[in-house]
Each structure stands twice: as C-alpha cells, then as structure tokens.
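Have it open alongside as you read.

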Amino acid sequence: MSVIETVRASWVMGALRSVTPRSLVRAHNAIVPHDSVSGRSLTVVIAIMCFLACLTAGAVHLVSQSANAWTQDLASEITVQINPARDVDMEKQVTLIALFLAKQPGVTRVSPLSVDQSARLLEPWLGQNSEIASLPVPRLIAIEIDRAALPDLEGLRVALEETFSMAKLDDHRRWQAEIRTVTRSLALGGITVLVLVAAATIATIISATRSAMASNREIIEVLHLVGAKDQFIASEFERHFLVVGIRAGLMGAGAAALVFTLLPLVLHLLGQGGLAAAEFKRLLGDAILDPLGYFVLFLVVVVVAALSMLTSRYGVYAILKTYS
Amino acid sequence: MIRFENVGLRYGMGPEVLRDINFHLLPGSFHFLTGPSGAGKTTLLRLLFMALRPSRGLTYLFGQNPTDQTTGERAELRRRIGVVFQDFRLLDHLTTWQNVALPLRVTGRDEADYKDDVTELLKWVGLGDRMHAFPAILSGGEKQRAAIARAVIGKPELLLADEPTGNVDPQMANRLLRLFVELNKLGTSIVIATHDQLLMEQFKKPQLVLHDGHLTIRG
Ligand SMILES: Nc1ncnc2c1ncn2[C@@H]1O[C@H](COP(=O)(O)OP(=O)(O)OP(=O)(O)O)[C@@H](O)[C@H]1O
Ligand SMILES: [Mg+2]
C-alpha cells in the first residue's frame with residue numbers, strides 16, 4: 001500500500017470509528033447520559049420518518065427510471081396510424097403506405113401491425129372480444145428510425161399526409177411530453193413529502209433536545225461552572241442525537257429496502273389482476289430498485305443522521321442562549 | 001487581580017443581600033471569608049465565579065469586566081478559577097476520577113495528557129482507592145475532597161472554596177488547608193469561606209468579614 005493509501009485508509013478507519021455508536025456513547029464516560037437523551041419513542045418516531053422518506057425517494061426514483069426507459073423507447077420509434085374509411089381496402093392501403101415509408105431516408109424498419117395485433121392493443125380497454133375484427137379499428141405501422149441519422153420528421157409527416165389522406169404520423173412527442181409531465185409532478189409531490197418529513201423530523205429533534213436539556217440542567221450548570229464552552233456542551237448532546245439518527249435511520253431505511261425488495265413479487269402477484277394493476281405496473285416498470293435506488297435510500301439515512309445532529313446542535317446553542 | 005467597586009446584589013425583588021462591597025485582591029493573596037450564616041458568603045463567591053451578575057456596581061476579574069464578555073470569553077475566565085461548592089455539585093453518573101478530570105476534559109485536552117495528574121491528586125487527597133466509585137456512595141468528607149480535587153486540578157489562578165472543611169475531621173481539615181497553602185505558594189490566590197474559628201486561628205490569614213451585607217477586612 002502506498003503512503004497515501006495508508007493515510008487514507010487510517011483516516012477512513014478513524015472517521016468510521018468516530019461515528020460508531022460504541023465510541024460515541026461509551027456508557028461509562030458520557031458526560032450526558034445516553035438514556036437521558038434517547039428514549040425509545042424518539043428512535044421509533046425518527047425511524048418512521050426515515051421509512052416514509054425512503055419510500056417516497058425510492059418510489060420517485062423507480063418512476064423516473066421507468067419513465068426514462070419509456071421515453072427512450074418511444075423516441076426511437078414513430079407510428080403511423082391509418083384511420084379506417086368506408087369502401088377502402090385497408091390491407092392494400094397499409095401495404096402501400098408501408099412501402100412508401102420504407103423508401104424514406106432515416107427509416108430502418110417498417111412493421112405494419114396486422115388486424116389481430118391492433119386489436120390486441122385495444123384488449124385492455126375493450127376486453128377479449130371476437131367482435132373487434134368487425135369494428136373499424138385503426139391500423140398501425142410501427143417504424144424504427146435510425147437514431148444516428150434522425151430523419152426529417154416534419155418533412156416525412158408532410159409528405160406522408162399529402163400522399164395518403166387517412167394516414168397520420170405520430171412521433172410520440174405528445175406522449176413523451178405527457179410522460180414527462182406525469183413524472184415531474186410525481187417528483188414534485190415526492191419532494192413535497194420529503195420536505196414535510198424533514199420538517200417533522202426537525203420539529204421532533206428540537207423538542208427532544210429541549211427535554212434532554214431540561215432533564216440534564218444540573219449537568220449543564222456544572223459544565224459551565226468548570227469552564228465548558230457552548231460548543232463543548234452542544235457536542236456532548238449532539239453525539240447522542242447522531243447515534244439516534246444513525247440507528248433510527250438504518251431501521252427506517254432497512255424496512256423501506258425490504259418493501260422494495262418484495263415489491264416486484266407483490267406486483268407479480270397483482271399482475272394477474274385487472275387494468276389498475278397493469279397501469280401500476282406500467283408506471284413502475286418491473287419495480288426492481290437498481291443499485292442507484294438503494295444508494296438513494298442510503299443517502300436518506302445520511303441526511304436523517306445529519307439533520308438529527310445539526311438540529312440538536314443548533315437547538316442546544318439556542319437554548320443555552322436563553323439560560324444566561 | 002480582583003476588584004469590586006460599590007457592588008450590590010439582590011435576588012429578584014428581594015432585599016439587598018450585599019451592599020456597597022469594595023475590595024481588591026492581589027495575585028497570590030490568601031483570604032478567609034467569614035460571617036454568620038446567611039450573611040452572603042456563598043452569594044459573594046457566586047459573584048466571583050460569575051454565576052451571578054451584580055445588581056449594581058462593577059466587578060473586575062483578571063482585569064476584565066465579565067458583564068461585557070461573551071459566554072465563550074466567560075468560559076475562558078472560569079478556567080482560571082477553581083471552585084469548591086458548599087454542596088459539592090459532583091455529577092452522580094460519573095466516577096470520582098471522571099468528576100475530578102472534568103475541568104480538563106471540557107478544555108478538549110487528550111485524556112492521556114492528564115491521566116496521571118488526576119490519579120496522583122486523588123491519591124494525595126486520600127481518595128486513591130475510591131477513584132472508580134460513584135459520588136452517591138462516597139461519605140460527606142470523601143465528596144468534599146473530590147470536590148476540592150476537581151477545583152484544583154486545573155491549577156487555577158484563583159481558588160474559591162465554600163466551607164471546604166465542613167464535613168471532615170480536624171486532621172483532614174488541616175491537611176486540606178495545607179493543600180491550599182501549597183497552591184498559594186505556587187501563586188494561586190485563595191478565598192475560603194468558613195465558620196471554623198479554630199482553622200482561622202491556626203492559619204493566620206487576613207479575613208473578609210461579611211455582616212449586614214457589608215464587608216470589612218480584618219488583619
Ligand atoms: N437563590 C436565592 N434566591 C433568593 N435568596 C437567596 C438565594 N440564595 C441565597 N439567598 C439569600 O441570600 C442570603 C445570603 O445567602 P448565602 O447563601 O449567601 O449565605 P451564606 O453566608 O453562604 O450562609 P451559610 O453560612 O449558611 O452558607 C440569605 O438570606 C439567603 O436566604
Ligand atoms: Mg453558604
């Protein structure tokens with residue numbers, strides 16, 4: 001190991017050691033007794049806050065991942081829709097349009113959907129129904145475009161719609177925009193929830209700090225009298241809150257991680273069900289939280305622990321000011 | 001080093017406990033503070049270690065006026081003062097050793113730095129075998145000695161002791177007084193509040209006498 005690596009390793013070990021609960025609150029020499037700060041109820045409340053925050057953050061992450069995948073797919077595909085008209089041989093029209101499209105630059109593949117395939121797309125809405133074939137179902141042609149050399153979609157649309165009056169080109173832009181709107185509002189909702197959870201956590205820590213200081217008033221007085229500064233007193237309290245934050249944060253995030261691990265299974269079971277389940281599934285994709293998602297949960301723990309520590313620190317400062 | 005000018009003090013809306021207190025203590029001085037019970041000895045000491053602010057008049061500690069200072073600066077001043085409280089004020093959940101080490105610990109010093117000093121001092125005050133006991137199980141005299149050890153561990157420039165010999169036998173009282181005398185020789189100014197006439201006769205030192213809220217200096 002190089003010198004730098006050794007130094008870095010020892011620094012990391014030192015940092016780790018300094019945040020492990022054992023060294024933070026070695027019961028026999030903590031100036032502020034740990035039990036006087038962290039009741040079980042405080043840990044439970046913070047753990048629940050962290051759990052909610054993790055669920056929210058994880059869900060937002062899942063949705064945005066699956067929306068990303070969606071928009072990617074949509075972007076490399078465009079569709080031509082041919083509206084049915086009376087007295088027209090639809091099959092022939094479809095073939096003609098497909099041939100026309102295949103000749104256009106930038107188009108890599110043209111695959112007309114058969115009547116059956118088109119009908120199958122409508123199944124979730126209309127149910128399995130042999131009547132569909134007799135309905136005037138619009139026909140679709142899926143076109144894969146060359147992403148390296150994107151075709152001039154506007155030109156293509158104009159050319160297509162001039163040549164074939166019943167054809168309509170759909171470059172999915174409206175869809176993409178809609179998906180983006182949905183994801184954005186979900187993310188916004190998620191952020192609102194996170195902000196509320198953070199505010200509730202801060203309020204909880206402040207009141208816990210106040211009561212911890214009240215029950216340790218005598219200790220604070222003695223510390224002042226032997227020459228302790230506010231920073232020292234704050235750090236004596238803050239280390240307990242850091243431990244509570246880490247412990248409760250891990251509990252909450254662990255529970256959330258369990259939920260996310262079981263989610264694909266739950267969705268799979270639901271998947272047999274009706275339209276709602278199918279829609280839900282579409283929103284979440286396969287609902288498997290990727291490593292980045294678990295990292296997001298970890299970040300939530302870090303934020304909860306830091307919030308707990310910093311809030312108590314500033315709480316102690318503010319309350320000490322009122323003492324003198 | 002310490003100067004009081006026309007200091008008066010009242011608790012809340014009560015009567016003035018101390019009135020027109022004027023005195024001046026030089027570095028390296030040694031005084032007894034005496035007077036009948038309720039005369040205000042503890043109150044005067046509280047002014048000296050800045051647990052109280054004077055209702056009127058001016059106080060100077062080490063040339064500085066504590067009322068002008070930030071809490072951080074007052075903490076720095078307190079580190080130069082050792083206090084033995086009449087009611088000891090030991091922390092019940094810390095061992096005797098940890099209580100005595102507290103003034104050093106709050107300065108952020110490394111424990112390895114002062115470990116031996118604390119142990120040695122505890123042995124000197126006769127608590128060598130009670131180091132790891134908690135205050136709750138110490139006798140009154142043992143608590144008193146622990147409180148004294150905590151007051152002197154930081155080698156303060158000013159030592160204030162409120163009835164430091166109230167709970168020990170005359171022999172131990174003598175021994176503790178000699179600790180104060182030793183400290184005094186090393187340059188620490190000492191103020192000891194006491195009722196103990198015998199002790200004051202034994203150690204012939206000037207006396208600050210409180211009576212009816214007024215202070216006179218004898219000797
Ligand atoms: N916190 C307080 N609030 C109101 N009055 C107080 C307070 N502390 C002390 N006093 C009053 O101030 C007066 C002086 O009290 P102090 O404790 O200074 O006396 P003392 O000389 O130390 O007495 P002793 O020798 O019994 O220890 C007493 O009348 C006491 O009742
Ligand atoms: Mg008294």
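Does Glu76(B) count as buried, partly exposed or exposed? Keep that in mind for point 1; and remember throughout that this is a predicted model.

1. Let's start between the chains. Glu76(B) counts as partly exposed, because its relative accessibility comes to 38%, and the limits for that class are 20% and 50%. Its side chain forms a salt bridge with Lys229(A), with 2.4 Å between the closest N and O atoms. This pair crosses from one chain to the other: Glu76(B) belongs to helix α2 (residues 71-78) of chain B, while Lys229(A) sits in the loop between α8 (217-225) and α9 (230-271) of chain A.

2. Next, a pair within chain B. Arg3(B) and Glu5(B) form a salt bridge, and their closest N and O atoms are 2.3 Å apart. Both ends are partly exposed: Arg3(B) has a relative accessibility of 33%, and Glu5(B) has 27%.

3. Now for a pair that links distant parts of chain B. Glu16(B) and Arg56(B) meet through their side chains in a salt bridge of 2.8 Å, N to O. Glu16(B) is in strand β2 (residues 16-25) and Arg56(B) in strand β4 (residues 56-61), 40 residues apart. Have a look at the burial too: Glu16(B) counts as buried because its relative accessibility is 16%, under the 20% limit. Arg56(B), on the other hand, is partly exposed, with a relative accessible area of 33%.

4. Finally, the metal. The magnesium ion (ligand 2) has Thr42(B), through OG1, and Gln86(B), through OE1, as its protein donors, at 1.9 to 2.3 Å. These two also come from distant parts of the chain, 44 residues apart: Thr42(B) is in helix α1 (residues 41-48) of chain B, and Gln86(B) is in the loop between β5 (81-84) and α3 (96-105) of chain B. Thr42(B) counts as partly exposed at 24% relative accessibility, and Gln86(B) is partly exposed as well, at 41%.

How values were computed
Residues are numbered from 1 along each chain as its sequence is written. Chains are lettered from A and ligands numbered from 1 in the order in which they are written. This is a predicted model: local features need pLDDT of at least 70, side-chain atom pairs count only at pLDDT 80 or more; totals for chains, interfaces and linings use all residues. Side-chain values use heavy atoms; hydrogens and water are left out. A salt bridge is a side-chain nitrogen of Lys or Arg within 4 Å of a carboxyl oxygen of Asp or Glu. Helices (H or I, at least four residues) and strands (E, at least two) are DSSP runs, numbered from the N terminus. Buried means under 20% relative accessible area, exposed over 50%, partly exposed in between (1.4 Å probe, protein chains only). Donors are N, O and S atoms within 2.8 Å of the metal (3.2 Å for Na, K and Ca); water is not among the atoms, so sites may look incomplete.
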